[in-house]
Amino acid sequence: GGKYIVKKAPSPSPVEVGDELEVNIIDKSPSGDGTSEIRGYTIVVPKTKPGERVTVRITSVGKKIATGEKINI
């Protein structure tokens, strides 16, 4: 049987800090920031509102929530 080496533990999050992605803002967080969802994982994007489609850069990643900043390409 072939052995394989895992270089790093699999991340529970589908995104990592520094990732840039296009998301649909689908909801609003209690703080009033827009939120999006990727595979059941919440991404909070300040200064957005539901219905917007924005490009974000991930700035922090937690266990269940990531934060991204809206960027203009």
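Reply: Strand 5 and strand 6 (residues 65-71) pair in the antiparallel sense, over 6 bridges. Two strands are said to pair if DSSP finds at least two bridges between them, and strands themselves are DSSP runs of E with at least two residues, numbered from the N terminus. The model is predicted: local features need pLDDT of at least 70 and side-chain atom pairs count only at pLDDT 80 or more, while totals for chains, interfaces and linings use all residues. Residues are numbered from 1 along each chain as its sequence is written, and side-chain values use heavy atoms, with hydrogens and water left out.

Within this pairing, Ser60 has Thr67 of strand 6 as its bridge partner. Thr55 lies in strand 5, which spans residues 53-61. Thr55 and Lys70 are separated by 15 residues in sequence, yet their C-alpha atoms are 5.9 Å apart. With neighbours within four places in sequence left aside, Thr55 is in contact (heavy atoms within 4.5 Å) with Leu21, Glu22, Glu69, Lys70, Ile71 and Ile73.

The loop between strand 4 and strand 5 holds Lys47. Lys47 is not a glycine, yet has a positive phi of about 65°. Most residues other than glycine have a negative phi. Lys47 counts as exposed because its relative accessibility is 75%; exposed means over 50% relative accessible area (1.4 Å probe, protein chains only).

Methods: Helices (H or I, at least four residues) and strands (E, at least two) are DSSP runs, numbered from the N terminus. Buried means under 20% relative accessible area, exposed over 50%, partly exposed in between (1.4 Å probe, protein chains only).
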